[in-house]
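Please look through the structure below with a few of its helices in mind.

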Amino acid sequence: MGVVAKQSILNTLITYFGFAFGAANTLFLFTNILGEEEYGVVSYLLASSNLLWPLLAFGLPNTLIKFYNTYTSQWESDRFFSWLLLVPLLLVIVVSVLFTLFYEQLMAQYTNTNPIVKPYLWMIIVLGLASAYFELFYAWTKVHLQTVKGNLIKELFNRIAITVLLILVYFKYITPNQFIYSLTIVFLVRTLLMKWVAFGVKRPKFSLKKIKNVRSIAIYSTLILISATVSVFLLDLDKVMIESLAPPISNVAKYSICVYMASVIGVPVRAMLQITNPLTAQLLTKNETKSLNELNKKSSVTALIATVWVGLVVVCNVHSIFELVPPNYELYIEIVFLIGIVKLFDASLGITNAILFNSDSYKWILFFGVAILGLAYIFNSIFIPYEGIVGAAFATFLAYSLYNISKLLFVFFKFKIQPFSKQTFFIIGIAVLIWMMFYYWYIPNINAVVSVLIKGVLITGLYFGVVYLLKLSPEVNGAINKFVLKKK
C-alpha cells in the first residue's frame, strides 16, 4: 500500500485544491458574474460533452490499462498505444458527419425549448474529443504508475483557467458569449499539456504495424465503452434531461451547484482510483487473489474514512454554504443529501469497479449497466416532471444504488471478494452520531464562512480523534502519527 498511500494522499490534496477553485467558481463567480441562462448553458455543454467523450474514447483508457502489461516488449506496447491514439480521431469524423446531416432537426428541437443553446452545440464535439484524448494520455501515465502530474492538470488547470476567464468577464475584457467559446481553448490546451506530461514519462515510438490480441482488444474496448458510458450517463443524464423536462435552463445551473457541493464528498475516491486501478490490473494478471482481497478491504476503509469526513463537513454546514450563494438561486438540501449518499456508497466499494473492468468477467457487468441505464432514463422521466430537479437527484440515487449493488453481488459470487469489514460499520456508526450532533446546531449572528470553519474544525477533531482511538485504519493512524510528529 506504500505507492497507493503516497500517490493517493498527493492526489487527494491536489484534487481538493482544484475543488477549492471549483467551489469559488461554482458558488461565487458563476453565480455573480454570469446570468442564470449563461450559467445554465455552460453546465449543459459540459454535461453533454461528458456524455460524448466516453463514446469517442471507445473504452480505450481502460483498454490501455488492462492490456499494456500483456505485451512483453517495448515495441509491442508502442504499437498498441499508437493504434489507440488513432481511434478517437476516426470516431469524431463519424460524429461530425452525423451532426452535419441532422443539423436542421437538431436546431428545430432547441428552438422550442432552449434556443440560447443552439449557437454552441458544435462545442460539445470539440470538448468531447479533447476530453477523450486527455483521458487516453492520462492512462499512459497510469500504466507507468505516475499519476500525480496528470491529476494536477486534470483537477487544477481547467478550473484555474475558468477562474481567470470569469474575472475577465467581470472586468468586461470579454463578454459572457466569448467566455463560453473560450471553454474549447481551455480544454484543448489541457489535452496538449497532458500529452507533454505523458510523453515525458515515457515517449512511445509510433508505428501502425500489426499487433496481437486485436480481437480481444476490440471486444474489450466495445464492452468497456458501453460500461463506461453507462457510468457517465448515470451521473450526467439527469442534467441533460432537466434541460428538456424541467425548463427553463436556469434549473440546470441550480442543480449543478447542488451536485457540485455533493461531488466534493467523492474526491478521496477519485484520487485513490488513479493508482489502485493499474495496481488492480497487475494483481489480476498475476492471479494474486489474496493481495487483491487485501487491497480491496484496505482501500474501502481508507476511502470511506476520508469520504465520510468530507461528507460530514459538507452536510453539517449545508445551510451556511447555501447562504453564500446569491438568493436568486433556489437550492435544495435534498439534492446534496441524495447525491452525497451516492458518493459514500461509491467509496465503500473499494476496488470493486477496478476488478470488474480489468478481469475476464467484464462482459457480464455490461448487462447490469445497460439495464440500470434504462432504469435511470425511466426514473428521470417519471420523477423530473413531478418533482423537478429534486426528482432528478432521486432518480440518480435510485439508479446508482441499484448499479452498485449489482456490482458488489457479482464480484462477491464470482471472486469471493467483498470490500466490507467490521470497520465499515464502525465508520458508519460514528458518522451518524456526529451528524446528529452537528447538523441541527445553528450558530446565530455569525458570518456563514466563520460558521463553516468553526463546525468544520470541531467535526474534524472529533471524527479523526475517534477514528484514531478505535484504530480503524493503520494507514490513517500512520498518517496522523506522521503529521503529529512533524508538528512536534
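**Helices and the pairs between them**

Helix H4, which covers residues 74–101, packs with H6 at an angle of about 170 degrees, and the axes of H4 and H6 are 11 Å apart. The model that shows this is a predicted one. Since an angle over 145 degrees counts as roughly antiparallel, H4 and H6 are therefore roughly antiparallel to each other. On the side of H4 the contact is made by Asp-78, Phe-81, Leu-84, Leu-85, Leu-86, Pro-88, Leu-89, Val-92, Val-95, Ser-96 and Phe-99, while H6 brings Trp-122, Ile-125, Leu-129, Tyr-133, Leu-136, Phe-137 and Trp-140 to it. Sorted by class, the residues in the contact of H4 with H6 are 16 nonpolar, one polar and one charged.

In passing H7, H6 makes a left-handed crossing. Here Phe-134, Glu-135 and Tyr-138 of H6 meet Gly-150, Asn-151, Ile-153 and Lys-154 of H7. The residues of this contact of H6 with H7 divide into three nonpolar, two polar and two charged.

Which side chains meet in a salt bridge with a distance of 3.2 Å from N to O? They are those of Glu-135 and Lys-154, and both residues were named above in the contact of H6 with H7. Glu-135 lies in helix H6 (residues 122–143) and Lys-154 in helix H7 (residues 148–170), so this pair ties together parts that are 19 residues apart in sequence. Glu-135 is buried, and Lys-154 is buried as well.

How many salt bridges does a search of the whole structure find? The search finds three, and the pair of Glu-135 and Lys-154 is one of them. In another, Glu-155 is joined to Arg-159, with the closest N and O atoms 2.9 Å apart. Glu-155 and Arg-159 both belong to helix H7, where four residues, or about one turn of the helix, lie between their positions. Are Glu-155 and Arg-159 buried or exposed? Both of these residues are buried.

A further salt bridge links Lys-298 with Glu-294, and the closest N and O atoms of this pair are 2.9 Å apart. Lys-298 and Glu-294 both lie in helix H12, which spans residues 289–316, and they are four residues apart, about one turn of the helix. Buried means under 20% relative accessible area and exposed means over 50%, with partly exposed in between. Lys-298, at 27% relative accessibility, therefore counts as partly exposed, and Glu-294, at 41%, likewise counts as partly exposed.

**The pair H17 and H18**

Helix H17 (residues 422–438) and helix H18 (residues 448–470) pack at an angle of about 150 degrees, with their axes 11 Å apart. H17 and H18 are therefore roughly antiparallel to each other, and their crossing is right-handed. The residues of H17 in this contact are Ile-427, Ile-430, Ile-434, Met-437 and Phe-438, and they meet Lys-455, Leu-458, Ile-459, Leu-462, Tyr-463, Val-466 and Leu-470 of H18. By class, the contact of H17 with H18 holds eleven nonpolar, no polar and one charged residues.

In the loop between H17 and H18 the reader will find Tyr-440. Tyr-440 has a relative accessible area of 63% and is exposed. Along the chain Tyr-440 and Phe-412 are 28 residues apart, and their C-alpha atoms are separated by 38 Å.

**Residues paired across the chain**

Two further residues may be traced in the structure. Ile-167 lies in helix H7 and is partly exposed, with a relative accessible area of 39%. The C-alpha atoms of Ile-167 and Ile-33 are separated by 8.3 Å, although the two residues are 134 residues apart along the chain. Leu-223 is found in helix H9, which runs over residues 214–245, and at 14% relative accessibility Leu-223 counts as buried. Between the C-alpha atoms of Leu-223 and Phe-357, which are 134 residues apart along the chain, the separation is 9.6 Å.

Methods:
Residues numbered from 1 in each chain as written. Predicted model: local features only at pLDDT ≥ 70, side-chain atom pairs only at ≥ 80, totals over all residues. Heavy atoms only, no water. Axes fitted to C-alpha atoms, helices over the stretch in contact; angles between N-to-C directions. Helix = DSSP H or I, 4+ residues; strand = E, 2+ residues; numbered from the N terminus. Parallel < 35°, antiparallel > 145°, perpendicular 65-115°, else oblique. Left-handed = near helix turned anticlockwise from the far one by under 90°. Contact = heavy atoms within 4.5 Å. Nonpolar A, V, L, I, M, F, W, Y, C, P; charged D, E, K, R; others polar. Salt bridge = Lys/Arg side-chain N within 4 Å of Asp/Glu carboxyl O. Buried < 20%, exposed > 50% of the residue type's maximum accessible area, 1.4 Å probe, protein only.
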